[in-house]
Amino acid sequence: MSETILEIDDLSTQFFTSEGKVNAVHGFDLELERGEVFGIVGESGSGKSVTALSLMDLVESPGRITSGSVGYRNPSFAENMRTSYPDAVDGDLVDLRAIPEDARRSLRGTAFSMIFQDPESSFNPSLTVGEQIAEAVEVQQRATAMPRSGRAKTRGPEYSLGSYLMSMALPSKRYVTESSRARAIELLETVGIPDPAQRADEYPHEYSGGMLQRAMIAQALASEPDVLIADEPTTALDVTIQAQILDLLNELQAETGMTILLITHNLGVVARMCDRVGVMYAGEIVERGTLEDVFDDTVHPYTKGLLGSVPDLEGTADRLQAISGNVPSLLDHEMGDRCYFADRCPKAMDTCLEKPRSFDVDADGRHSVTCYLAEENYDPDRALEEGRFASEGAVSDVGGDSQ
Ligand SMILES: Nc1ncnc2c1ncn2[C@@H]1O[C@H](COP(=O)(O)OP(=O)(O)OP(=O)(O)O)[C@@H](O)[C@H]1O
Ligand code: NI
């Protein structure tokens with residue numbers, strides 16, 4: 001019935017800094033099913049955004065994906081890749097890490113779209129909103145007109161030097177075609193922008209935050225993505241607008257059947273939007289499952305900590321309660337082999353000095369958790385002594401040259 005659209009296996013992304021290697025994302029596994037909304041939740045610094053950037057191949061120096069595969073299921077793309085890159089293709093699944101960069105990037109804005117917390121970052125201030133959405137429409141149209149090839153020619157004749165110079169001279173007349181403009185207006189209407197024809201001709205700074213967020217969703221939808229990655233798409237907005245935008249995303253998802261990977265630190269948002277959720281800590285997913293599995297049948301003490309004492313998950317209030325202690329240093333040489341949460345965990349035991357693998361909680365492997373408590377009960381007699389990790393307590397901004 002359901003099929004996986006993304007199969008991410010053992011993905012790691014590191015930043016090579018002067019202090020050392022930073023393991024921002026680390027042995028990350030995830031299978032996304034077509035049409036589901038999967039939430040990733042975790043504290044600040046847990047690697048959520050770097051995961052999203054890694055999937056979009058947008059990690060910048062000093063960062064780099066250092067291992068793993070990102071399988072994308074798409075029969076026509078697989079067909080196109082099969083001849084030139086047979087090793088990258090397995091049935092309908094293409095390992096995006098095993099094909100050349102230009103082929104991989106041709107999927108951006110066509111098969112994959114991303115929306116960010118901060119819509120200003122995805123709009124050019126000197127072009128109207130309508131032009132920019134129309135341009136996204138054009139990218140999609142070119143991609144479908146010309147099969148996604150290994151050597152994607154992303155620039156059609158409209159983007160000759162001449163038309164580029166024209167666009168510089170006449171920045172408000174950059175619509176490539178009348179039909180892409182019409183589609184842009186239609187998309188603005190879809191995301192609930194009043195007077196869309198008029199608003200299309202306005203510049204980003206003429207939009208309110210909520211309206212620009214909607215416009216960014218319109219821009220992402222212009223590419224008719226298979227997979228939409230939304231990184232904190234509503235965090236900057238007030239609660240009422242947040243709810244409207246999330247409902248809008250839900251409606252659009254139901255209409256288009258797209259798959260959404262939704263990144264948030266807000267458990268209310270997860271409860272409202274997602275089918276499944278992965279809880280991220282120190283660059284890894286430590287617990288995953290359906291909302292019921294993770295929220296009602298919680299195993300990992302970190303998930304419990306995130307859930308705090310608030311049993312009611314309705315509403316959009318930020319429910320991440322502070323968990324005492326600090327997020328661990330992600331510097332490779334400071335990480336060690338233990339469970340990375342052990343120093344903050346109220347149930348840490350002697351076994352936790354050895355890193356747990358991922359355990360299945362239920363028979364069908366739907367609910368899994370990287371914690372020994374999946375297999376054994378907490379035994380206070382085996383608790384780690386208080387202050388066990390005191391010497392390594394300092395996080396990188398405090399820790400100087402003391403070990
Ligand atoms: N440019 C960079 N250079 C070095 N380290 C980086 C860089 N960008 C990210 N990191 C590291 O990656 C870790 C994960 O960052 P990321 O932005 O993915 O966290 P996040 O879960 O999205 O947090 P937030 O909720 O605050 O957005 C950070 O803690 C940091 O150590
Ligand atoms: Ni982030």
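Where is aspartate 10 found? Aspartate 10 sits in strand S1.

## Basis of the model

This is a predicted model, in which local features need pLDDT of at least 70, side-chain atom pairs count only at pLDDT 80 or more, and totals for chains, interfaces and linings use all residues. Residues are numbered from 1 along each chain as its sequence is written, while chains are lettered from A and ligands numbered from 1 in the order in which they are written.

## Overall fold

The protein chain holds 13 helices and 13 strands. Both are DSSP runs numbered from the N terminus: helices are H or I with at least four residues, strands are E with at least two.

Of the 403 residues in the protein chain, 44% are buried. Buried means 20 or more other C-beta atoms within 10 Å of the residue's own; exposed means 12 or fewer; partly exposed lies in between, with C-beta atoms placed from the backbone. Take the contacts with a separation of 6 or more: 69% of them join residues 24 or more positions apart. Two residues are in contact if their C-beta atoms, placed from the backbone, lie within 7 Å.

## Strand S1: two aspartates

Strand S1 spans residues 4-17 and includes aspartate 9. Aspartate 9 has 16 C-beta neighbours inside 10 Å, so it counts as partly exposed. Beyond its neighbours within four places in sequence, aspartate 9 contacts Asp29, Gly68 and Ser69. Serine 67 is 58 residues away from aspartate 9 along the chain, yet their C-alpha atoms are separated by 9.0 Å.

Aspartate 10 has 11 C-beta neighbours inside 10 Å and therefore counts as exposed. Its phi is positive, about 55°, although aspartate 10 is not a glycine.

## Other backbone features

Most residues other than glycine have a negative phi, and most peptide bonds are trans. Aspartate 195 is a non-glycine residue with a positive phi, near 45°. It is found in the loop between H6 and helix H7 (196-199). Aspartate 195 counts as exposed because it has 11 C-beta neighbours inside 10 Å.

Serine 61 and proline 62 are joined by a cis peptide bond, with omega about 10°. Proline 62 belongs to the loop between H1 and strand S4 (63-73).

## Ligand 1 shell

Which residues are closest to ligand 1? They are Ala24, Ser44, Gly45, Lys48 and Ser49, from a shell of 16 residues. Shell membership requires a C-beta atom, placed from the backbone, within 6 Å of the molecule. S1, strand S2 (20-33) and helix H1 (48-55) are the elements that each give two or more residues. H1 supplies the largest share, 3 residues.

By class, the shell around ligand 1 has 6 nonpolar, 9 polar and 1 charged. Nonpolar covers Ala, Val, Leu, Ile, Met, Phe, Trp, Tyr, Cys and Pro; charged covers Asp, Glu, Lys and Arg; the others, Gly among them, are polar.

## Packing of H6 on H8

Helix H6 (residues 178-190) packs with helix H8 (residues 209-222) at about 125°, their axes 9 Å apart. Axes are lines fitted to C-alpha atoms, for helices over the stretch in contact; angles run from 0 to 180 degrees between N-to-C directions. H6 and H8 are therefore oblique to each other. Roughly parallel is under 35 degrees, roughly antiparallel over 145, roughly perpendicular 65 to 115, and the rest oblique.

On the H6 side, Leu187, Leu188 and Thr190 meet Ala215, Ala218, Leu221 and Ala222 of H8. This contact of H6 with H8 has 6 nonpolar, 1 polar and no charged residues.
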